[in-house]
Amino acid sequence: MSDLTRLTAADLAERLAAGDVSSVEVTQAHLDRIAAVEPAVHAFLHVSGEEALATARDVDARRAAGEQLHTLAGVPIAVKDIIVTKGLPTTAGSKILENWVPPYDATLVERIKAAGLPILGKTNMDEFAMGSSTEHSAFGNTHNPWDLDRIPGGSGGGSAAAVAAFEAPLAIGTDTGGSIRQPAAVTGTVGVKPTYGGVSRYGLIALASSLDQAGPVTRTVLDSALLHELIGGHDPRDSTSIDEPLPALVAAARQGLTGDLTGVRVGVVTELTGEGYQPGVSARFAESLEVLRGAGAEIVEVSCPHFTYALGAYYLILPSEASSNLAKFDGMRFGLRVEPTEGPVTAERVMGATRGAGFGDEVKRRIILGTYALSAGYYDAYYGSAQKVRTLIQRDFDAAFTQADVLVSPTAPTTAFKLGEKLDDPLAMYLNDVATIPANLAGVPGLSVPNGLSDDGLPVGFQVLAPAKADDRLYRVGAALEALLEAQWGGSILDRAPELEVAR
Amino acid sequence: MSTQTVDLVDYDEAVARFDPVLGIEVHVELGTRTKMFDAAPQTFGEEPNTAVTPVSLGLPGALPVVNGTAVEYAIRIGLALNCQIAERCRFARKNYFYPDVPKNFQTSQYDEPIAFDGWIDVELEDGSTFRVEIERAHMEEDAGKNTHVGGSTGRIHGAEYSLVDYNRAGIPLVEIVTRPITGAGARVPEVARAYVQTLRDIFRTLGVSEARMERGNVRADVNLSLRPTPESPLGTRTETKNVNSFRSVERAVRYEVSRQAAVLDAGGTIVQETRHWHEDTGSTTPGRVKSDAEDYRYFPEPDLVPIAPDRAWVEEIRAALPELPAARRRRLQGEWGYADAEMRDVVNAGAIELIEATIAAGASPAAARKWWMGELARTAKQQEVELAELPITPTQIGELQALVDAGRINDKLARQVLEGVLAGEGGPEQVVVARGLEVVSDDGPLLEAIDAALAGQPDIAAKIRSGNLGPVGAIIGAVMKATRGQADAGRVRELVLERVAQG
Amino acid sequence: MSTLSRDEVARVAALARIDLTPAELDRLAGELDVIVESVARVSEVATPDVPATSHPLPLTNVFRADVPEAPLLAADALAGAPAARDGKFLVPQILEED
């Protein structure tokens with residue numbers, strides 16, 4: 001039954017509900033797939049097979065007893081290792097948290113457990129979600145299933161690769177500047193960053209509090225909508241959570257799947273196209289616009305002049321908030337403790353030694369940058385200015401959304417690059433997120449959907465952005481594009497991915 | 001710890017030559033049921049680390065949510081201190097590494113306090129008032145508690161390791177910061193003490209804190225500087241941390257005045273520093289020197305949203321404020337008709353509540369004051385206890401006075417009744433009965449005693465019969481003696497004269 | 001905008017409580033200097049008339065009712081501690097107060 005792993009979550013849910021297949025079978029099929037391909041892909045930091053099967057057995061029993069279950073009950077899921085899971089190791093890809101087992105669950109994990117989704121394990125990521133390639137993980141690289149010599153994107157490369165490699169039908173990612181959308185683009189999967197406040201941040205190990213947002217990583221737009229509706233909605237434990245019902249996301253996705261976008265105004269952001277984008281990426285983007293036009297959408301050009309400052313603002317706000325959020329990793333209450341090699345063993349010196357040994361290069365780089373940006377005498381010029389740029393970017397979005405219902409761009413400027421290619425050039429690495437960052441600064445939702453292969457045969461992603469709290473628009477437009485492209489291709493883009501060598 | 005001796009200038013001499021400027025930061029722990037940013041219960045004296053959640057431990061992933069009641073309490077305090085309440089304010093992160101600060105930042109308010117620009121009048125012992133201006137009152141969270149273990153004395157510097165309990169971490173605090181307090185002159189220690197005491201009374205009246213100094217519910221940091229004259233610019237100040245009793249506040253200020261004067265006299269300069277107060281020696285020692293390296297990197301707390309107290313809510317809180325201690329004192333003084341000096345004594349003796357309750361129990365204001373400030377004050381002083389600690393209630397004093405007013409006992413007997421009550425013999429009525437102290441008002445026994453007295457002293461009886469009323473006192477005395485003082489002397493006199501007239 | 005010297009990086013690293021080797025310090029100083037120069041462009045448009053935005057959504061007054069919840073079990077609270085004794089977290093000696 002290995003083809004169970006090729007099904008979408010929506011299909012699995014239907015078969016489970018119909019009793020055609022059990023959750024134990026589905027879960028076991030995915031655990032088998034994980035065992036087979038993990039040596040090549042390394043998407044997981046921890047596989048929780050026992051716990052997943054226990055959940056599956058429980059769901060099967062409850063279903064057999066006639067209990068009313070959640071639509072996704074019994075469909076397995078992978079969770080990015082930055083999200084705390086009670087009883088399961090949670091490292092955020094960092095040596096400083098190696099072997100840490102949280103005593104509580106993130107709100108979204110509580111919801112996943114309450115709905116009966118077996119958790120397959122925790123996925124690899126750049127340390128504390130700092131990176132665009134997952135190469136900054138303290139626990140080894142994750143390999144792109146399309147080409148094992150290439151990066152799976154980041155920071156959520158593990159979740160994207162797990163879904164692309166059919167190790168899991170669903171995964172949770174987090175997106176601070178593109179960490180869901182960019183990996184989705186380079187692995188041929190779907191990823192959604194909800195409106196800021198749309199999914200609880202309680203239990204997400206904070207990178208940048210005002211930018212972080214968890215969201216779905218799946219193979220189809222409909223699956224993302226199903227997962228988004230499960231994990232989203234108000235949480236009183238998160239002060240920045242939106243206290244309103246979510247829009248009807250699944251309904252919007254189903255509407256989009258009809259392929260009709262009559263009357264929808266689609267805005268192309270001038271500043272997020274052209275120079276700096278790989279020709280194959282630009283070509284697929286242009287073709288996708290034609291597909292949307294063919295579906296009845298009106299394509300308009302919009303300008304967001306301050307987006308060119310977004311990267312700078314982002315790399316001031318993120319490190320500043322991160323420098324404070326990551327201060328708690330000091331070897332006093334949890335995680336790694338390292339004593340200095342010489343001199344007195346004092347709390348202060350143990351903190352310095354622990355953080356020196358426990359954090360990787362990128363984390364140190366950003367903490368020091370952020371500490372500098374917040375320090376006396378520099379605050380106004382750096383952090384203060386960055387917060388003003390944020391206002392300007394929000395205004396750009398506001399103006400653009402008066403002209404268009406959604407905004408679109410390529411998700412990432414290039415397809416997946418080779419492992420190691422940009423590791424020594426932090427600034428070049430940062431440029432990967434140039435198209436995804438504005439949404440995080442403004443808090444608006446964004447989606448990436450595969451829109452073909454570039455000249456190098458690697459997948460390309462198409463980004464849709466909507467106004468805050470209008471996440472449903474992402475699903476309608478994303479699902480329409482997906483349906484129309486799949487009709488052209490005669491199947492999912494992942495059907496065109498090379499078969500992975502399977503360990504036996 | 002340094003053992004060097006410190007030169008001190010005699011206090012009176014110091015204040016004669018320098019003008020002291022005071023500043024006080026008071027932290028009060030709010031008596032909410034839960035912590036400032038999480039629903040962990042507020043406890044005291046529980047087992048360590050049993051009142052913590054992922055939030056109060058600063059575990060990865062945990063997020064703060066503001067306790068609405070703590071905000072209301074902070075607004076109450078702000079209003080009671082005549083402050084403006086911010087239309088909009090935020091929390092900020094104060095970043096510094098210290099093991100008892102779980103997140104390695106304290107969530108506090110920086111440039112946007114919830115209350116600012118207030119004042120409070122404090123009453124000094126001579127009955128005069130002194131106005132202290134309040135710069136701000138802001139909300140923040142408390143830290144955990146370190147126990148330093150090892151080393152010779154258990155003091156911080158000798159410790160080999162520390163044990164940390166985070167039960168206190170996250171308890172809501174309001175910090176109240178004064179503007180520089182000038183013009184107190186030689187009375188600066190008294191002003192400091194009276195200010196902290198006034199705040200403590202206000203916190204209790206507002207119901208925002210138990211405000212128990214001995215539990216550290218209220219903690220004061222005392223800033224002090226000297227300048228040659230009131231016209232001179234402010235001198236460099238020191239900050240003496242964690243002065244936790246009224247008496248210590250007074251002593252610490254006094255000590256710093258004397259110490260700083262000595263430094264200045266010797267041609268030295270005051271170093272801006274944190275100093276630690278030592279209760280045992282009554283002195284301060286230097287802590288960390290504040291330097292440019294201290295860089296808290298404040299920025300708005302991104303995990304919390306701004307607070308914009310609705311004006312209607314603020315007015316509702318204002319309207320519901322209880323009468324504050326000073327206003328209450330003024331009102332009661334008027335109602336009771338006490339002179340200023342009398343009221344001051346009552347206040348200083350901590351007798352307001354006792355007298356109020358005694359009056360409520362039926363005694364007149366004058367009688368209530370007479371008992372509490374007279375006989376009972378003397379007893380309390382002898383026993384070295386507070387008035388309120390005496391084993392007698394205002395209701396019992398009310399009963400006692402009622403007995404006097406009804407003529408059932410006289411003043412002298414009343415003192416014996418009081419003695420009985422204090423000795424635990426029961427209430428006034430019980431003591432009167434048990435000790436047989438009631439005034440004899442039945443004429444029968446009196447007449448018998450009078451007849452006996454007249455018969456016993458025939459020459460005096462004859463003199464009286466002849467119209468010489470001079471020696472009548474001798475007969476009355478004999479009657480009083482015979483009735484063991486339980487007779488009403490006035491009535492005895494009347495009866496004696498009647499008896500003599502009857503022949 | 002000032003450039004980020006090696007000494008400045010060392011000062012900031014100490015403030016951030018991160019021990020760096022001399023080699024790390026050299027490399028970071030070079031990298032950070034380039035990054036700071038690049039991101040400092042934000043000041044070009046951050047004019048005084050532009051208000052700062054710290055939250056993506058304009059929420060205010062998010063309060064919690066003052067109702068206690070069950071705390072962590074002490075064993076769970078201490079389970080992740082590198083060292084513990086007598087129900088407390090054991091940390092190395094603390095040299096400075098406050």
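Predicted model: local features only at pLDDT ≥ 70, side-chain atom pairs only at ≥ 80, totals over all residues.

Author: Let's start with a term: a crossing is left-handed if the near helix is turned anticlockwise from the far one by less than a right angle, and right-handed if clockwise.

Residues are numbered from 1 along each chain as its sequence is written, while chains are lettered from A and ligands numbered from 1 in the order in which they are written.

Now for the part itself, a helix pair in chain B. H16(B) covers residues 472-482 and H17(B) covers residues 489-502; their axes come within 10 Å and cross at roughly 125°. Those axes are lines fitted to C-alpha atoms, for helices over the stretch in contact, and angles run from 0 to 180 degrees between N-to-C directions. Angles under 35 degrees count as roughly parallel, over 145 as roughly antiparallel, 65 to 115 as roughly perpendicular and the rest as oblique. H16(B) and H17(B) are therefore oblique to each other. As for handedness, H16(B) makes a right-handed crossing with H17(B).

Who does the touching? On the H16(B) side you'll find Val472(B), Ile475(B), Ile476(B), Val479(B) and Met480(B), and they meet Ala489(B), Val492(B), Arg493(B) and Val496(B) of H17(B). Being in contact here means that the C-beta atoms of two residues, placed from the backbone, lie within 7 Å. Sort the residues of this contact and you get eight nonpolar, no polar and one charged. For that sorting, Ala, Val, Leu, Ile, Met, Phe, Trp, Tyr, Cys and Pro count as nonpolar, Asp, Glu, Lys and Arg as charged, and the others, Gly among them, as polar.

Let's step back to chain B as a whole. Its domain assignment gives domain 1 (11-296), domain 2 (323-435) and domain 3 (443-502), with bounds that come from an automatic or database assignment. Between the C-alpha centres of domain 2 and domain 3 of chain B there are 36 Å.

Chain B also has a neighbour: 43 of its residues are in contact with 33 residues of chain C. On the chain C side, S3(C) gives the largest share, five residues, and the residues there divide into 17 nonpolar, six polar and ten charged.

Conventions:
Helix = DSSP H or I, 4+ residues; strand = E, 2+ residues; numbered from the N terminus.
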